[in-house]
Amino acid sequence: MTTDPGQQRIGIFDSGVGGLTVLTQLYRQLPNESILYFGDTARLPYGTRTPSEIVEFVREIMAWLVEQDVKMVIMACNTSSALAMEMVQAEFDIPVLGVILPGAQAAVQQGKRIGVIATPATAASNAYRNAILEMDDSCLVWQVSCPAFVPLVEQNRIHDPYTCEVAREYLAPLIQQRIDTLIYGCTHYPLLAPVLRSLLPAGVTSIDPAVRVVAAAARELELLGLRNAGTALPTRFCVSGPPQQFAQLSVQWLGCTPAVEKISLPTVVRSEAGRKPSPVSLESAE
């Protein structure tokens, strides 16, 4: 174990490159922190998976991250945050932050007619709608499921004319409802911001939950006395799929080609390290 908790890494995970939007915010807001990034690229997209599959995947990833001795985990995946947060909080004795609540809070502070673009699983969970209305029941919320967005980003087709047409179709019902605020309800979606902004009316404010979840992480680290006062270690990138594919895709946002490791989650999922003694089962956690 690391002698100084502040020097431990922050774990961050997503289904693929979408979590790089959160990683970028970590670099900006918490430059002294060391990061372990995991992309579950072998099993993306998460948005079309069943709730039980998502819970199983997150449980495996969390067990592995705890074994890597991280001091905090940021679930840089809206689908995971929507469907597995209760399980994570019940089973793992480590600070875990998700993107749903910070994103909803930012939207409520901004507008009253709120649109949410999200993966099918996140939209079906109503996580954003419920969080927004709990904070301010005078808000109106419209959600649109966008199943094509994550595959298009992961295939590096952001500037493809087809992507613009798909985005136009997804945004049309929200524009028709005269939304004043749009939540990017998936960490992949800020990577599509140039396309989305070109289609949205000028008066619509876009909310990137990544900015808010990192700000919340900074407050949590301060509160727990876990801030790193020293110099950050190089970010460690791990994936479950082909490492070269992730490296080639992510270079455009990282500004360099990262060294990427391929890891195998099933070899560590049996570990109970960091798990709370909890009776929570897969079924009851959903």
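Reader: How do the residues of the lining of the largest pocket divide into nonpolar, polar and charged?

Author: A word on the model before the answer. This is a predicted model, in which local features need pLDDT of at least 70, side-chain atom pairs count only at pLDDT 80 or more, and totals for chains, interfaces and linings use all residues. Residues are numbered from 1 along each chain as its sequence is written, and side-chain values use heavy atoms, with hydrogens and water left out. As for classes, Ala, Val, Leu, Ile, Met, Phe, Trp, Tyr, Cys and Pro count as nonpolar, Asp, Glu, Lys and Arg as charged, and the others, Gly among them, as polar. Here, the lining of the largest pocket has 18 nonpolar, seven polar and five charged residues.

Reader: What is the volume of the largest pocket, and which residues are the closest to its centre?

Author: The search runs on a 1 Å grid over the protein atoms alone: a cavity is a set of points where a 1.4 Å probe fits but cannot get out, while a pocket is an open set with protein on both sides within 12 Å along at least five of seven lines. Lining residues have an atom within 4 Å of a point. Grid points are joined across faces, edges and corners, and a volume is the space filled by probe spheres set on the points. In this model the largest pocket comes to about 700 Å³. It is lined by 30 residues, and S81, M85, I100, L101 and A127 are the closest to its centre.

Reader: Which element gives the largest share of that lining?

Author: Helices (H or I, at least four residues) and strands (E, at least two) are DSSP runs, numbered from the N terminus. The largest share, seven residues, comes from α3. At least two residues each are supplied by α3 (78-91), β4 (96-98), α4 (100-110), α6 (127-135) and α10 (209-224).

Reader: Why does the largest pocket lie between the domains?

Author: Domain bounds come from an automatic or database domain assignment. Domain 1 (8-98 + 211-262) and domain 2 (101-208) both contribute to the lining of the largest pocket, so the pocket lies between them.

Reader: Is G103 buried or exposed?

Author: Buried means under 20% relative accessible area, exposed over 50%, and partly exposed in between (1.4 Å probe, protein chains only). G103 sits in helix α4 and is buried, with a relative accessible area of 0%. Contact means heavy atoms within 4.5 Å. Beyond its neighbours within four places in sequence, G103 is in contact with Y128, I183, I207 and P209.

Reader: Where does UniProt place the feature "active site"?

Author: UniProt positions are given in the numbering used here, feature names are shortened, and annotations may be inferred rather than shown by experiment. The unreviewed UniProt entry puts "active site" at C77 and C186. They span 110 residues in sequence, yet no two of their C-alpha atoms are more than 6.5 Å apart, so they gather at one spot. Both C77 and C186 belong to the lining of the largest cavity.

Reader: What surrounds C77 and C186?

Author: C77 is in the loop between β3 (72-75) and α3, and is buried at 4% relative accessible area. Not counting residues up to four places away in sequence, C77 touches F13, D14, Y46, V99 and T187. C186 lies in the loop between β7 (181-185) and α9 (193-199), and counts as buried at 6% relative accessibility. With neighbours within four places in sequence left aside, the contacts of C186 are N78, I117, T119 and V150.

Reader: How many cavities of 30 Å³ or more does the structure hold?

Author: Two. The largest cavity has a volume of about 60 Å³, and its lining has four nonpolar, seven polar and one charged residues. Domain 1 and domain 2 both give residues to that lining, so the largest cavity lies between them. The second largest cavity holds about 40 Å³ of space. Its lining has six nonpolar, three polar and no charged residues, with C146 among them.
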